[in-house]
Amino acid sequence: MNRVSHPARTLIPGLPSELSPLILEYFDAVDLALSRRTCSTWDGYVAATVHRRVYRLITPHVAQYDDFSEQVQASGAVIGGLAALHILFPSHPCPPCLELFVPESTADALVTYLLDREHFADITPLADRKWSVGHDGVTVLKKKMWCVFIVRSRSRSPLLPLTSDLHSGLFNYVGAFDFSSAYPVLTSTSRGLLTMVSLGRGNEVHEDLEGAATSWVRAGWNLSSKWLPWSPSEGCQGTNSEGCAVAPRYFGDRFCASGPVSPLRERTPREQIALESAWTVYWWRGGYTCGPGCHSGLEEIEASSRTCPRSWLDGV
Ligand SMILES: [Zn+2]
């Protein structure tokens with residue numbers, strides 16, 4: 001979330017410099033992750049594009065962007081929910097809110113900062129609510145017509161609650177050091193795999209979440225618990241697949257569209273260490289498999305998620 005300027009060099013030799021940023025304006029997470037591999041100039045434009053989208057979302061609503069960014073970074077929070085979806089897939093509309101996913105140990109400090117320094121009001125509903133796996137409650141802050149949801153993780157990683165969101169189109173984050181989208185191809189085509197948390201009896205959406213699911217469908221999304229119809233291969237690859245109920249996944253794996261938010265040439269040692277020592281969340285979606293051939297004859301499996309250092313998983 002630190003400021004990143006566009007490179008001085010144009011993206012394509014001979015192209016007027018003011019046109020270069022516009023080329024990336026509608027790139028989604030897949031395009032951003034792929035195009036930055038071209039060269040350091042593209043890498044610089046991708047980092048600047050991600051920063052601009054975060055900046056445009058937040059600056060109308062906070063008095064001190066740099067202070068805000070510093071506090072978010074210090075707390076280890078990441079942007080998730082609809083805001084992350086909009087930043088990484090800009091064809092999806094800009095939401096009137098910001099969801100910050102925060103580790104359990106730093107959430108209170110971030111709330112205090114927003115109340116005292118940015119003059120938000122705490123409007124958290126008093127009603128009790130049973131939170132799903134990974135959540136430890138949500139604090140709702142409001143300033144004028146803009147809301148900030150502080151989603152408290154039950155872990156040292158802010159990412160754990162992301163894996164119990166309604167569907168896979170919300171498995172995205174933009175943090176102080178990197179971004180990731182776990183199901184980028186499905187998300188770019190408005191397809192969402194329902195998580196086990198959202199499913200009740202008969203693999204149908206739980207009645208408490210029917211309203212939420214309906215609003216996604218009205219917005220043009222296809223929601224399903226079945227992976228096979230959307231699989232790029234004919235049969236299911238089971239644990240080697242992107243979306244089967246049994247597929248072990250983590251933010252940053254080979255199916256994700258991920259990358260640092262700072263350009264390689266400007267990356268500080270501190271940023272590099274943060275990237276290399278980051279914790280991530282490891283999950284399988286759970287629910288009905290595509291068939292007994294997916295994994296050890298299983299036809300149904302419980303969902304699971306846990307946090308661990310990403311370097312451990314990269315080495316597996
Ligand atoms: Zn399968």
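How many residues lie between β6 and β7 in their hairpin? Two residues lie between them. The views below come from a predicted model.

View 1. Strand β7 covers residues 178–181. Three bridges link β6 and β7, in the antiparallel sense. Y173 faces S180 of β7 across the pair. Strand β1, residues 78–80, is also joined to β6, by two bridges. That pairing is antiparallel too. Here I79 has V174 of β6 as its bridge partner. Strands of a sheet pair through backbone hydrogen bonds, either parallel or antiparallel.

**View 2. The residues of β6 point two ways, and all are buried.** The strand spans residues 172–175. N172 and V174 point one way. Y173 and G175 point the other way. In a regular strand the side chains alternate between the two faces of the sheet.

**View 3. The largest nonpolar core holds 74 residues.** Its residues with the most contacts inside the core are V50, I79, L100, F101, I150, Y173 and V174. Helix α3 supplies the largest share, seven residues. F101 is one of the residues with the most contacts inside the core. Beyond four places in sequence, F101 touches A77, V78, G80, V151, S153, P158, L159, P161, L162 and Y173. In soluble globular proteins, nonpolar side chains tend to be buried together.

**View 4. Helix α3 is a run of 19 residues.** The helix covers residues 40–58. From first C-alpha to last, α3 reaches 27 Å. That is close to the 27 Å expected at 1.5 Å a residue. Its buried residues include T41, W42, D43, G44 and Y45. V46, A47, A48, T49, V50, H51 and V54 are buried as well. Among the elements that cover the buried residues of α3 are helices α1 (20–23), α2 (29–35) and α5 (81–88). Strands β1, β6 and β7 are also among them.

**View 5. Strands β10, β12 and β15 form an open sheet.** The order is β10-β12-β15, and the pairing is antiparallel. β10 (249–250) and β15 (304–309) each have a single partner strand, so one side of each is left without a neighbour in the sheet. Strand β12 covers residues 279–284. Six bridges join β12 to β15. T280 has C308 of β15 as its bridge partner.

**View 6. Helix α8 is hardly covered.** The count of buried residues among its nine residues is zero. Just after α8, G220 takes a positive phi of about 100°. What leads up to the helix? The loop between β8 (191–193) and α8 (210–218) contains H206. H206 counts as partly exposed because 16 C-beta neighbours lie inside 10 Å. Leaving aside neighbours within four places in sequence, H206 is in contact with S198, L199 and G200. Y288 is 82 residues away from H206 in sequence. In space the two are 15 Å apart, C-alpha to C-alpha.

View 7. The loop runs between β3 (121–122) and β4 (135–143). H92 and P125 are 33 residues apart along the chain. Their C-alpha atoms are separated by 28 Å.

Technical notes
Residues are numbered from 1 along each chain as its sequence is written. This is a predicted model: local features need pLDDT of at least 70, side-chain atom pairs count only at pLDDT 80 or more; totals for chains, interfaces and linings use all residues. Two strands pair if DSSP finds at least two bridges between them. Helices (H or I, at least four residues) and strands (E, at least two) are DSSP runs, numbered from the N terminus. A residue is buried if 20 or more other C-beta atoms lie within 10 Å of its own, exposed if 12 or fewer, and partly exposed in between; C-beta atoms are placed from the backbone. Two residues are in contact if their C-beta atoms, placed from the backbone, lie within 7 Å. A nonpolar core is a set of buried Ala, Val, Leu, Ile, Met, Phe, Trp, Tyr and Cys residues joined through C-beta atoms within 7 Å. The expected span of a helix is 1.5 Å times one less than its number of residues.
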